[in-house]
Amino acid sequence: MRRLVMWDIDYTLLRGGGVTTTAWKAAFTELTGVAWRTTPSFGGRTDMDVCAEVFAAHGVTDCTPERFFVRYVAEIERIKHLFIEQGALMPGVREVLARLGDDPEVVQTLVTGNVPEVAAAKVAAFELSDSFDAEVGGYGTDDSVRATLVRRSLERAEAKYGERFQPVVIGDTEHDVTAALANGAYAVAVATGRTKMADLVLAGAHAVLPDLSDADAAVSVLLADAWPLEHRA
């Protein structure tokens, strides 16, 4: 059975240098006419979830997420060159992606709280697009609950390829871990974001790495033969 490796983006593959926050603020103010007052925590959350919090915190009731995302994506398109200027690739990412990409038993995709267009802009900025089958990914417009994104990605992959996959989720927050566990996936965590290794272990991750700089170790973990749990019945 082949593996579907589902990558989180922010602080797992790369850091965006605050570009998306800038775009959120500009798009929100332009669309609603309401001054930005508070910035939510984005880590591990879906854009649908964050959007609901932002609207509520600013007392906005006459705007839908769909309308907001159109404006937000347009703003990202305008400033997407800043990803490479202000952001950075996380250690070891390019080598690990290349190693997994050479393995015919692996399909790599994105499971991210970002809307699809923003996810695409981020990975394109660092020339990572060809590593992923973005068509079978899970995105922040699929649902407000991250576990649903994992499920949708797995469904899309199995529908497209006509086979079952062993799902592997890799991310940097407890949300990535719990979303993996909710879908019977192998949860690999990297402590390259704001969440400490100990907290990722407590969340239930099957493997925790400080980062991906040791490509041999990272690939070994992601392709581990000994699965610590029964896969889907």
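1. Leaving aside neighbours within four places in sequence, aspartate 142 is in contact (heavy atoms within 4.5 Å) with Gly137, Leu149, Arg152 and Arg156. The model is a predicted one, in which local features need pLDDT of at least 70, side-chain atom pairs count only at pLDDT 80 or more, and totals for chains, interfaces and linings use all residues. Residues are numbered from 1 along each chain as its sequence is written, and side-chain values use heavy atoms, with hydrogens and water left out.

2. Aspartate 142 lies in the loop between helix H6 (116–125) and helix H7 (146–161), helices being DSSP runs of H or I with at least four residues, numbered from the N terminus. Because its relative accessibility is 19%, aspartate 142 counts as buried, a class that means under 20% relative accessible area with a 1.4 Å probe and protein chains only.

3. The side chain of aspartate 142 also makes a polar contact with the side chain of arginine 156, at 2.8 Å; the term denotes a pair of N or O atoms within 3.5 Å, where, within protein, one must be able to donate a hydrogen and the other to accept it, and residues adjacent in sequence count only if both atoms are side-chain atoms.

4. Across the whole structure, a search finds 9 aromatic pairs, that is, rings of Phe, Tyr and Trp (its six-membered ring) with centres within 6.5 Å. The rings of phenylalanine 28 and tryptophan 36 have centres 5.6 Å apart and planes at 85°, so this pair is edge-to-face, the label for planes over 60 degrees apart. Phenylalanine 28 is buried at 1% relative accessibility, and tryptophan 36 is buried at 18%.

Methods: Helix = DSSP H or I, 4+ residues; strand = E, 2+ residues; numbered from the N terminus. Buried < 20%, exposed > 50% of the residue type's maximum accessible area, 1.4 Å probe, protein only. Phe/Tyr/Trp six-rings, centres within 6.5 Å; stacked < 30°, edge-to-face > 60°.
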